[in-house]
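Let me put the model up on the screen, and then I'll walk you through the contacts.

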Amino acid sequence: MPLGPRFVTRNLFNVAHTLNLSLPLRTRIGLERPGTLQKIALVAPDLSFVYVTVPKAANSTIKRALFALYDKPPAESHPDALHASPGPYRTISQLSRSEINLAFRDPRTYRFTFVRNPYARILSAYWDKIVDDNRRGYGNRYARKLEISTNATFEQFIFSVADQPDRSSDWYWLSQTHCTMLNLIDYSLVGRVESLADDLAQVLSSIGHSSRSREPVAHLNRRAKQPSGDIYTKRIADIVFRRYQDDFANFKYDRESWRTI
């Protein structure tokens with residue numbers, strides 16, 4: 001008796017899942033979050049804490065605060081430098097297999113990340129990577145990736161983003177569920193941009209830098225929120241919700257929150 005397509009598909013998935021579980025953690029991380037391993041996380045030199053990055057979720061601000069812990073000069077905290085180099089930190093690509101297991105598995109390591117309301121995050125990606133890049137005359141490679149005009153409206157941008165599954169998305173609109181690798185990492189704290197000052201203060205205190213926390217935290221509130229104006233409609237919000245429904249579920253964001261971001 002021939003096997004039905006559902007049986008075959010289900011068993012292929014189970015085999016792939018089993019094989020994935022048997023892979024080294026470095027490989028599993030690379031499969032879960034495509035892109036260069038250098039940008040996925042900042043690992044403390046002594047492996048005592050790990051920050052897993054989420055683009056467009058106060059990533060630059062958090063990195064700036066972490067760089068300040070090692071007295072990095074202000075010039076080296078320029079946004080371009082922040083993302084081009086790990087500075088005083090280590091990256092996944094620089095760790096041995098045992099160090100990766102220690103950083104991402106050992107209960108003594110403090111692991112944290114930050115997430116953002118999906119409606120606000122994707123809007124921030126649009127302003128930064130489509131509108132502002134176009135104004136700066138960068139050639140807008142992000143618009144080319146999405147096959148949209150450099151003058152695309154937010155709705156056109158959202159339609160194109162919605163057509164891209166996570167496996168082929170740019171990391172600026174990759175789901176936060178995949179960015180954080182929730183199925184691989186047991187976090188000490190998943191902070192929120194909406195409570196950035198308090199949550200980052202908690203992080204700094206937990207990693208032993210509470211006395212250094214005031215300056216970076218004071219800098220944050222001015223950048224934590226970007227006004228939406230009248231750019232959202234229910235139609236656009238519904239598309240964003242469907243595209244990022246895992247994020248809404250995993251991080252407990254309200255489906256109707258687009259009305260007030």
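By salt bridge I mean a side-chain nitrogen of Lys or Arg within 4 Å of a carboxyl oxygen of Asp or Glu. The pair links distant parts of the chain, with Arg255 in the segment after helix 13 (245-251) and Asp238 in helix 12 (residues 234-243), 17 residues apart. Helices and strands here are DSSP runs, H or I with at least four residues for helices and E with at least two for strands, numbered from the N terminus. Arg255 is partly exposed at 35% relative accessible area, while Asp238, at 18%, counts as buried. The cut-offs: buried is under 20% relative accessible area, exposed is over 50%, and partly exposed is in between, with a 1.4 Å probe and protein chains only.

Quick housekeeping. This is a predicted model, so local features need pLDDT of at least 70 and side-chain atom pairs count only at pLDDT 80 or more, whereas totals for chains, interfaces and linings use all residues. Residues are numbered from 1 along each chain as its sequence is written, and side-chain values use heavy atoms, with hydrogens and water left out.

Back to the charges. How many salt bridges does the structure hold? Ten. One of them joins Asp170 and Lys145, at 2.6 Å from N to O. Asp170 lies in the loop between helix 8 and helix 9 and Lys145 is in helix 7, so this bridge ties together parts that are 25 residues apart in sequence. Asp170 is buried at 10% relative accessibility, and Lys145 is partly exposed at 42%. Then there's Arg108 with Asp106, where the closest N and O atoms are 2.8 Å apart. Here Arg108 is exposed, at 71%, but Asp106 is buried, at 14%.

Two strands pair, by the way, if DSSP finds at least two bridges between them.

Going across: strands 1 and 2 are antiparallel, over three bridges, and Leu42 has Tyr51 in strand 2 as its bridge partner. Strands 2 and 3 run parallel over four bridges, with Phe49 opposite Tyr110 in strand 3. Strands 3 and 4 are parallel too, over four bridges, and there Val115 stands opposite Arg192 in strand 4.

Is strand 3 enclosed or open to the outside? Six of its six residues are buried, so strand 3 is largely enclosed by the rest of the structure. Tyr110, Phe112 and Phe114 point one way, Arg111, Thr113 and Val115 the other.

Last topic, the rings. The structure holds 19 aromatic pairs. Rings of Phe, Tyr and Trp (its six-membered ring) pair if their centres lie within 6.5 Å; planes under 30 degrees apart are stacked, over 60 edge-to-face, and the rest tilted. Phe49 and Tyr89 have ring centres 5.9 Å apart and planes at 70 degrees, so that's edge-to-face. Phe49 sits in strand 2 (residues 49-52) and Tyr89 in the loop between helix 4 (79-84) and helix 5 (97-105), 40 residues apart. Phe49 and Tyr89 are both buried. Tyr142 and Trp173 are edge-to-face too, because their centres are 6.2 Å apart and the planes are at 75 degrees. Both Tyr142 and Trp173 are buried.

And remember Arg192? Its charged end sits over the ring of Tyr253, 4.3 Å from the centre. That label needs NZ of Lys or CZ of Arg within 6 Å of the ring centre and within 35 degrees of the ring normal.
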